Amino acid sequence: MKVAIVGVSGAVGQEFLRVLDQRNFPMDELVLFGSSRSAGRIYTFRGKEYTVKELKQNDDFKGIDLAFVSAGAGTSKTFEKTITQYGTVMIDNSSAFRMDNDVPLVVPEVNPEDALDRPRGVIANPNCTTIQMVVALKAIEKIAHIKRVHVSTYQAASGAGATAMAELKKQYEQLLKGEEPTVEKFAYQLAYNVIPHVDVFMENGYTKEEMKMYNETRKIMHSDIEVSATCVRVPVMRAHSEATWIETERPVSVEEAREAFAKAEGVVLQDDPANKVYPMPLFVADHDPVYVGRIRKDISNPNGLTFWTVSDQIKKGAALNAVQIAEYLLKVGNIG
């Protein structure tokens, strides 16, 4: 089993190394790729040093079974054929191919079988906010069809990459010294602030991030589900939170919902508000599951239910989900 990581120097690329090691992913050889700026850097994996190769239009992917790609949509589109031409399975973390009809969009707890039908040799990793939400939605969908979702996200700096995390930390340091904060990654200062603006605004007034949640959820769940999202950046370093309201075809009790979440793959139930037990990013960062709490009836809708989820954006929202896709392909003998 020969594995490649493309974009290894980024936050998600580094998380790929950690997740592959933590999960003891089986491989005989590892190849690291990056931009011309990253080429030559050395990373250690399982006690062995690896030098980053520059990603080029050549035959470097010949013999590579699997490539985890997290280098941005432009790079993914430019190098798709180079990566897949010799049969390499490309699991892509960017937005480049998510809504292409001939590219499966996969969350292993929800639609793993979709990964088996990949005519272009590409499997798309969904957007982090979508992954977190659909893992939770799947638990309820199993007991009652979900017709409608309203969701408000509280997204950590990690969603914008390692440089954004560094900028948030720097802003706090600068402000404490009485200095003007550096503002480069976001539209405004994030420290001591929340910004109701993630990605670019579309003609309909929603942002691209919000429309991703609408479109990707329908594709992953193979559903007519309607989704309306408001995505907000908050001054949290790592792990996204989401407040979700759902409307089901029949009423679902809080007890039913708790039982469904407790049984759900990839979900950890933390729902004891009387004892102040509920998910928070402070304690969820660097953990694998989607944590669910604050489960209650929507008092404005007899068929409504509302709950709170938190999950690590770099782990389940990116690297872990991609590795789980690869693990599924190995399990069913569909790769290598």
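The questions and answers below set computed values against the definitions behind them.

Q: How do you know what kind of model this is, and which parts of it count?
A: This is a predicted model, in which local features need pLDDT of at least 70 and side-chain atom pairs count only at pLDDT 80 or more, while totals for chains, interfaces and linings use all residues. Residues are numbered from 1 along each chain as its sequence is written, and side-chain values use heavy atoms, with hydrogens and water left out.

Q: Why is glutamate 15 called buried, and what is arginine 18 called?
A: Buried means under 20% relative accessible area, exposed means over 50%, and partly exposed lies in between, with a 1.4 Å probe and protein chains only. Glutamate 15 has a relative accessible area of 0% and is therefore buried, whereas arginine 18, at 38%, is partly exposed.

Q: What makes the salt bridge between glutamate 226 and arginine 218 count as one?
A: The closest N and O atoms of glutamate 226 and arginine 218 are 3.5 Å apart, and so the pair falls within the limit for a salt bridge. Glutamate 226 is partly exposed at 35%, and arginine 218 is partly exposed at 25%. Elsewhere, salt bridges that share partners join Glu15, Arg18, Arg238, Asp286 and Asp312 into one network, and the structure holds 23 salt bridges.

Q: What makes the pair of glutamate 216 and arginine 98 a tie between parts that are 118 residues apart in sequence?
A: The side chains of glutamate 216 and arginine 98 meet in a salt bridge at 3.5 Å, N to O. Glutamate 216 lies in helix H5 (residues 208-221) and arginine 98 in the loop between strand E7 (89-92) and strand E8 (122-124), so the pair ties together parts that are 118 residues apart in sequence. Glutamate 216 counts as buried at 2% relative accessibility, and arginine 98 is buried at 6%.

Q: Why are E10 and E12 said to stand at the edges?
A: The open sheet of six strands has the order E10-E9-E11-E14-E13-E12, with mixed pairing. Strand E10 (226-233) and E12 each have a single partner strand, so one side of each is left without a neighbour in the sheet. Neighbouring strands of this sheet are turned by 25 degrees against each other on average, direction ignored.

Q: How do you know that E12 and E13 pair?
A: Two strands pair if DSSP finds at least two bridges between them. Three bridges join E12 to strand E13 (residues 290-297) in the parallel sense, and the two strands therefore meet the requirement. Leucine 269 stands opposite valine 292 in E13.

Q: What does glycine 40 touch?
A: Not counting residues up to four places away in sequence, glycine 40 touches Thr51 and Val52, where contact means heavy atoms within 4.5 Å. Glycine 40 is found in the loop between E2 and strand E3 (42-45), and glycine 40 is partly exposed, with a relative accessible area of 44%.

Key: Helices (H or I, at least four residues) and strands (E, at least two) are DSSP runs, numbered from the N terminus. Axes are lines fitted to C-alpha atoms, for helices over the stretch in contact, and angles run from 0 to 180 degrees between N-to-C directions. A salt bridge is a side-chain nitrogen of Lys or Arg within 4 Å of a carboxyl oxygen of Asp or Glu.
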